[in-house]
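Take a moment to look over the structure shown here. The paragraphs after it will walk you through some of its features, one place after another.

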Amino acid sequence: MIRITVGDEAIEGRDGQTIAGVLIGAGRTAWRTAQTGDRGVFCGIGVCHDCLVTVNDVEGVRACQREAVDGDRVEREVRA
Amino acid sequence: MTAATGTVGTTGTTGATRVAILGGGPAGLAAAQAALAAGAAVTLLDEGGRLGGQYWRHHEGLTDRRLQHGWARFERLRGVLDRAEVHTGASVWSAEASDGVVRLRAVVGAADAAGRVALDIEADAVVVATGAHDLALPVPGWTLPGVTTAGAAQALAKRDGVTVGRRTVVSGAGPFLLPVAQSLSVAGSEVVGVHEASRLGGLAAGWLPRPWQLVGKAGELVEYVGALARHRIPYRIGSGVVRVLGTDRVEGVVIAALDADWRPIPGTEREVACDSVALGHGFTPRLEVAIALGAVIEGDRRGRFVVVDESQRTSVDGVFAAGEVTGIGGADAALAEGAVAGFMAAGGALDDGRMRGPLAVRRRMRAFAARLERAHGIQPGWTSWLSDDTVVCRCENVTRRTIAVRADAPLRAMKLATRAGLGACQGRTCGRAVEAIVADAGGAPEGFDRRPVLAPVRLGEVAAVATGGPEQ
Ligand SMILES: Cc1cc2nc3c(=O)[nH]c(=O)nc-3n(C[C@H](O)[C@H](O)[C@H](O)COP(=O)(O)OP(=O)(O)OC[C@H]3O[C@@H](n4cnc5c(N)ncnc54)[C@H](O)[C@@H]3O)c2cc1C
């Protein structure tokens with residue numbers, strides 16, 4: 001079990017899951033604000049950049065590619 | 001942070017041909033095995049955290065074994081790699097070939113982390129085996145959360161053991177929709193239906209007369225069809241999702257019958273409730289590394305691929321290519337082409353007895369790929385399911401109308417004026433769709449394949465290399 005925070009909420013995931021996997025496992029489908037609405041995973045293999053999040057203060061991390069680590073702080077990105 | 005400079009062939013046999021292999025999917029792994037067998041010093045790079053590429057995407061603790069095929073083959077291929085230098089988590093962002101020397105630049109570390117380690121590889125030959133990604137055609141509503149590519153549904157189910165929703169509609173074209181439906185079911189989503197755009201006529205000209213060729217050696221098709229039956233999943237040909245419904249997320253879809261040109265047939269629309277949609281209308285090759293190396297690419301809007309000869313040699317000295325970058329033929333084709341490419345890159349000969357098997361499989365699978373394209377290839381009528389305000393470029397939110405209005409401008413000017421294809425994905429997701437819309441409107445498209453940066457890399461990382469070393 002690992003635990004990460006998303007905004008100010010703590011969510012749990014399974015060891016080895018990507019950040020996208022943890023978020024989806026916790027019932028979320030979207031976590032980035034785009035001009036036409038929220039986005040989550042689209043391509044799932046690091047090509048489309050829809051799923052970008054900020055992880056531990058580093059922007060532009062593809063949630064589908066990054067393996068989650070216990071204690072990761074994930075934040076929403078907004079691009080109007 | 002330190003800069004690591006890997007030079008192939010410093011370990012092991014001195015004087016051996018140095019072969020770099022870019023991509024650790026079926027093609028790259030088979031290339032590594034064959035190059036090692038031919039006596040080369042091999043370096044393999046892949047940006048993924050694990051080897052296996054798309055076909056063998058996995059995680060030891062999370063992947064359901066029912067979703068893994070040909071695993072013994074993977075273990076054999078991985079097993080010989082203790083004699084090679086292997087870098088996972090290595091994103092190659094620059095590649096050049098000149099005077100018989102190939103230079104690759106990568107950053108190594110957790111995906112998109114700050115301060116990844118620079119890695120420079122120099123080799124006598126390179127095998128480009130960068131594979132393909134999904135080609136999902138735009139549909140009104142496709143930016144709603146809950147819509148993913150078919151490949152994403154597959155990757156999430158296999159790698160992470162999750163599904164985006166609980167009731168999924170699968171829509172697109174090609175036999176790949178079948179394993180996707182199976183994976184969704186196993187990972188916990190009810191598949192409401194699989195909608196294949198091709199009609200029976202197409203299928204009859206494609207794989208239906210020889211369905212065993214889809215199967216490969218593993219009996220996969222039989223298993224997929226069995227899974228559809230077991231989970232009572234309807235498979236409907238000549239139909240597809242033409243609109244996704246919902247306000248903040250997917251609430252349903254509109255399904256329509258499609259004619260042979262993939263034009264929705266008026267009066268056949270019906271609504272189906274679901275919370276997720278998986279779209280996959282084929283695959284598009286990841287050409288950017290091959291293009292950066294100068295390799296000739298050929299084809300048209302139906303698909304452009306790296307041109308290779310019998311030896312999997314490209315137009316550039318020392319540059320070989322294998323797998324889906326040379327044509328969409330599935331894992332068995334990728335394995336066979338990879339074996340030929342690796343062996344030849346290492347200085348082997350085509351008439352070597354060890355090449356007989358791979359050459360035979362390659363011939364068979366290429367014929368099969370041609371029939372697949374005939375059966376499931378994208379037909380031009382699909383653009384008629386778009387509305388004017390459908391977002392086509394997901395990164396920059398550019399609509400069909402905006403693109404069509406500028407269709408007569410040269411592609412570069414059109415892109416600058418509309419921003420279509422200039423977003424974070426560099427046109428990978430929308431390129432083919434934009435070209436189709438421009439063509440519909442009377443323009444002459446093409447040219448979405450060239451990309452200045454081959455893989456996402458941070459400015460600081462590039463700057464570090466440019467100044468001779470990373471910032472301390
Ligand atoms: C998301 C997805 C899922 C799929 N799942 C299946 C499946 O379950 N069953 C099936 O039969 N077929 C599947 N396919 C089809 C698949 O493309 C082929 O069957 C097979 O994997 C092709 O083999 P390949 O070696 O040519 O390429 P791939 O398997 O795609 O391998 C290419 C590798 O190159 C790496 N790469 C690319 N560019 C770079 C770079 N710049 N730097 C570093 N590394 C790089 C990638 O990380 C990747 O691992 C899938 C395709 C996709 C897109």
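**A walk through the model**

The second largest pocket holds about 600 Å³ of space. On a 1 Å grid over the protein atoms alone, a pocket is an open set of points with protein on both sides within 12 Å along at least five of seven lines, a cavity is a set of points where a 1.4 Å probe fits but cannot get out, and lining residues have an atom within 4 Å of a point. Grid points are joined across faces, edges and corners, and a volume is the space filled by probe spheres set on the points.

Before going further, note that this is a predicted model, in which local features need pLDDT of at least 70 and side-chain atom pairs count only at pLDDT 80 or more, while totals for chains, interfaces and linings use all residues. Residues are numbered from 1 along each chain as its sequence is written, chains are lettered from A and ligands numbered from 1 in the order in which they are written, and side-chain values use heavy atoms, with hydrogens and water left out.

Back to that pocket. Its lining is made of 29 residues, and those nearest the centre are A:His49, A:Leu52, A:Gly60, A:Glu77 and B:Ala424. Strands E3 (32-34), E6 (58-62) and E8 (77-78) of chain A and helix H14 (459-466) of chain B are the elements that give two or more residues to this lining; here helices (H or I, at least four residues) and strands (E, at least two) are DSSP runs, numbered from the N terminus. E6(A) gives the most, with three residues. By class, the lining has twelve nonpolar, five polar and twelve charged residues, where Ala, Val, Leu, Ile, Met, Phe, Trp, Tyr, Cys and Pro count as nonpolar, Asp, Glu, Lys and Arg as charged, and the others, Gly among them, as polar.

Now turn to where the chains meet. In chain B, 43 residues are in contact with 32 residues of chain A, contact meaning heavy atoms within 4.5 Å. The area buried between chain B and chain A is about 3,100 Å², with carbon and sulfur atoms giving 53% of it. Buried area is the accessible area (1.4 Å probe) that two parts lose on being put together, summed over both. B:Asp112, B:Arg394 and B:Asn397 supply 15% of the area that chain B buries against chain A, more than any other three residues.

B:Arg394 also meets the side chain of A:Asp50 in a salt bridge (2.6 Å, N to O). A salt bridge is a side-chain nitrogen of Lys or Arg within 4 Å of a carboxyl oxygen of Asp or Glu, and between chain B and chain A the count is four. H3(B) gives the most to the side of chain B that touches chain A, with six residues.

Inside chain B, B:Asp124 forms a salt bridge with B:Arg18, with the closest N and O atoms 3.2 Å apart. B:Asp124 lies in the loop between strand E7 (117-123) and strand E8 (125-128) of chain B and B:Arg18 in strand E2 (residues 18-22) of chain B, so the pair ties together parts that are 106 residues apart in sequence.

A last stop is B:Thr130, in the loop between E8 and E9 of chain B. Leaving aside neighbours within four places in sequence, B:Thr130 is in contact with B:Leu22, B:Arg286, B:Val289 and B:Val325. B:Val325 is 195 residues away from B:Thr130 in sequence, yet their C-alpha atoms are 6.5 Å apart in space.
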